[in-house]
Amino acid sequence: MGVEELPREAPDDRWDVFVSYSRSDAERATGLITALRSQGMRVFVDDTAVDDFASITATISSALAHARVLLALYSEEYPHRRACQWELTYAYLTGLREGDPRRRILVVNPEPTTDHVHPVELRDARHWPWPADAQSAQHLAASVAGYSATLDGPMGTGAAVPFVPWLPAPARPGSPHFTGRLAEQWRIHTALHRHRAPLVSVQGGDGRTAQLRGMPGIGKSLLAQEYALRFSPAFPGGVFWFDLHRCRAGTPSGAMQAYLEQINTVASALGLKSGSFPLPRLLSSLAVKIGEHNAACLWVVDGVPDGLPPDQLHLLRGPHLLASTLITTRSRRYSSYAEAIDVQPLPERDSYHLVTSRRTPHEAAEEAAAHSLVHDLGGHPHALDLVAELTISGSFHHVRGRLHSSLTDVLSVPEPADDARAVAGRGPLTAQLLTRALDSRTPADDVLRLLALACPAPLTQHLLEQILSTVSSYNPWEAPHLIAEAVEALLGEGVVQPASTSESAWTVHPLLARAVQRHDTDTARQEDLRRALLHALSTLVDGPAVSPTEVQRPTASVMGGRSGRPSQTERVAAFDLQVELITRIGVQPLAPDQGSLREALTSLHSVFGTSREVLHRMGAENPAEAVLPRIASALANDHLRPFLATWHAALQMHEATRPEGMSSIEHERLWDRSDEMRDALGALREPLTSIAMALAELSGTDLLPSRNHT
């Protein structure tokens, strides 16, 4: 269902309005477009179903350049579409260069609130609710026509971008492989400009300060650079960039010394007295200079370490109200300092785009290996970029083998000094991920080891206390206090994050779990904790589990009427199979028009392999007592094997017809059996979820979100 096919030429090669909308809003857009044309307007409608930057065609770029104004149908879905964000950014930056970022954008909002509209300036200017009837649509169209007529020309190509100085020099170049993150850039811009629309802004923050926070290597610095480069017209007074990564061991005192030295450099470059003056005096001099220039500027402090007291944090703010302050930090303990924007792993599509940025897979097996790498690396952009570099000299299958090899860790190899990712003071990725040397038995080290062992399942405060209370070096009464301090320290280092499924529960990224398991020098301690974790899980069959959900008892046909307790080997294997099952497509739904069917097959095939491995692992158990082999056999033979046998061959036949130059995702969506396969995949969810519940009862640990039990 879409908008009618449109002619691609307009008189004099000009468009009065460019209509930007999400594909999901195509039906409701049709009536408004008709009303616009009835006003005699020349309307460009992008009906090509663009959904990634590589597919934004020259036609669309040209249409934007030759359109007077962009009309955004800003629904809840609109900010989640890449093409929509790209089009909106084009018009916004054009307006910025002309002196008013809202000048080239009109907004129609079909939702009851404006919270989803970014940037915040668009919430209270030239903003209309969705027309309720044809008469309202005509009235809105007349208003659009009237406003378009007041503009003196089209948006243009934006070639004349004003020069914005960067201090201290040199300017940050960004990365040629930076992928996605437009939505995050809009969130940054909104957070820094909330003060411009205080009556419609309901979130916290003073509107001039924001913080990007996230785990090591997640791309905070590059995101800040990309924002500064893309939105530089909003800051004609310049970009001030202070890099604290190079400070001594990331200590607060070292960070403030590095900051002072760079402030001195800026003051000297601006002709101010510098030298041995205290930091507040230098900042005061810069405040006067910024005020004299009377132009908005961006004040970026990159790599703020954990542990700065409030008075030192305050000195990191831009010294004048004309300065918008953006900090990047691993720490999750500065929530009161500024509005926080959590930098998450890249979504699947952006991850695949990044990992294939150096080498394009040309066959199904290579595409499957590339998708597997995306899953292995958990959307971590730095790791994806490193692995993409390795594919220049090796296939995706070969690189994945190197990633999982027990020999040299490919993520521990130092980056070349001239690499765009190499930053002074930062070592290889593994060294960045492991912010502490795991060579001791401190509470923080042990909590990190336990979270890595349980990954991707979260562990609750109660369970961590129970486990550490059984370890000889801890007294039971010490555990609550020690756990609280350990978690607080790890949150400051940015290596753990709160679990979304439960309060007082935490988890770690799969890459960090990998780094812990590969580079922990105290392997004996890791084994002790693994056994303690399994013992704690085994005692929770009748009590709360890792996830505080109520486990529905599987049917007797699944459990086999067993009355005895499973062995430790069986519990561990059931836990491993449950983890593999619930994190794969099948139990996790595949949203319509999203994801890759080939990746879904690859994901389910991985579960099949794990089921087979479990059957081999359980070979030594008493077959009369063990239940897990029957569950694994049912999973593999009754559900996965028929599905894989049917759909692998069918999809492979379609893939063989893909024309050269067409992406696999685009070609897949043209398949006439795509909906049928998605329906079959959806039908798998109920039996696979039931098996996951049986595994939960067998292992004593329920990892299924509660919504999957309904």
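Student: What does the protein average in pLDDT?
Tutor: The protein averages a pLDDT of 81, where pLDDT is the predictor's confidence in each residue, from 0 to 100. A score of at least 70 is reached by 83% of the residues. This is a predicted model, so local features need pLDDT of at least 70, side-chain atom pairs count only at pLDDT 80 or more, and totals for chains, interfaces and linings use all residues. Residues are numbered from 1 along each chain as its sequence is written, and side-chain values use heavy atoms, with hydrogens and water left out.

Student: Where is confidence lowest, and where is it highest?
Tutor: Lowest is helix 20 (residues 556–559), with a mean of 42. Highest is strand 10 (residues 323–329), at 96. Helices (H or I, at least four residues) and strands (E, at least two) are DSSP runs, numbered from the N terminus.

Student: Which stretches have pLDDT below 50?
Tutor: One is residues 541–561. That stretch still has 43 contacts in the model beyond near neighbours in sequence. Contact means heavy atoms within 4.5 Å. Residues 49–55 also stay under 50, and the model gives them 14 contacts beyond four places in sequence.

Student: How many bridges join strand 1 to strand 2?
Tutor: Three, and the two strands run parallel. Strand 1 covers residues 15–20. Val19 has Val45 of strand 2 as its bridge partner.

Student: And the sheet of six strands, what order is that?
Tutor: That open sheet runs 6-8-9-10-7-11, again with parallel pairing. Strand 6 (166–167) and strand 11 (339–342) each have a single partner strand, so one side of each is left without a neighbour in the sheet.

Student: How does strand 6 join strand 8?
Tutor: Two bridges link strand 6 to strand 8 (residues 239–243), and the strands run parallel. Leu167 has Phe240 of strand 8 as its bridge partner. Helix 6 (residues 220–230) packs on the sheet, touching strand 6, strand 7 (209–213), strand 8, strand 9 (297–304) and strand 10. The direction of helix 6 makes about 160 degrees with that of strand 10.

Student: Next, helices. At what angle do helix 10 and helix 11 pack?
Tutor: About 115 degrees, with the axes 9 Å apart. Helix 10 is residues 348–355 and helix 11 is residues 364–377. Axes are lines fitted to C-alpha atoms, for helices over the stretch in contact, and angles run from 0 to 180 degrees between N-to-C directions.

Student: Who makes that contact?
Tutor: Glu348, Ser351, Tyr352 and Val355 come from helix 10. Glu367, Ala370, His371, Leu373 and Val374 come from helix 11. By class, that is five nonpolar, two polar and two charged residues. Ala, Val, Leu, Ile, Met, Phe, Trp, Tyr, Cys and Pro count as nonpolar, Asp, Glu, Lys and Arg as charged, and the others, Gly among them, as polar.

Student: What about helix 15 and helix 18?
Tutor: Helix 15 and helix 18 (residues 510–519) pack at about 115 degrees, axes 9 Å apart. Helix 15 contributes Leu448, Arg449, Ala452 and Leu453, and helix 18 contributes Leu512, Ala513, Val516 and Gln517. The classes are six nonpolar, one polar and one charged.

Student: Where is Arg436?
Tutor: Arg436 sits in the loop between helix 14 (429–433) and helix 15 (443–454). The Arg436 side chain makes a polar contact with the Glu493 side chain, at 2.6 Å. A polar contact is a pair of N or O atoms within 3.5 Å; within protein, one must be able to donate a hydrogen and the other to accept it, and residues adjacent in sequence count only if both atoms are side-chain atoms. Beyond four places in sequence, the contacts of Arg436 include Leu448, Ala489 and Leu490.

Student: Cis or trans from Ala169 to Pro170?
Tutor: Cis, with omega near 0 degrees. Pro170 is in the loop between strand 6 and helix 5 (182–192). Cys455 and Pro456 are also joined by a cis peptide bond, with omega about 10 degrees.

Note on methods. Pairing = 2+ DSSP bridges.
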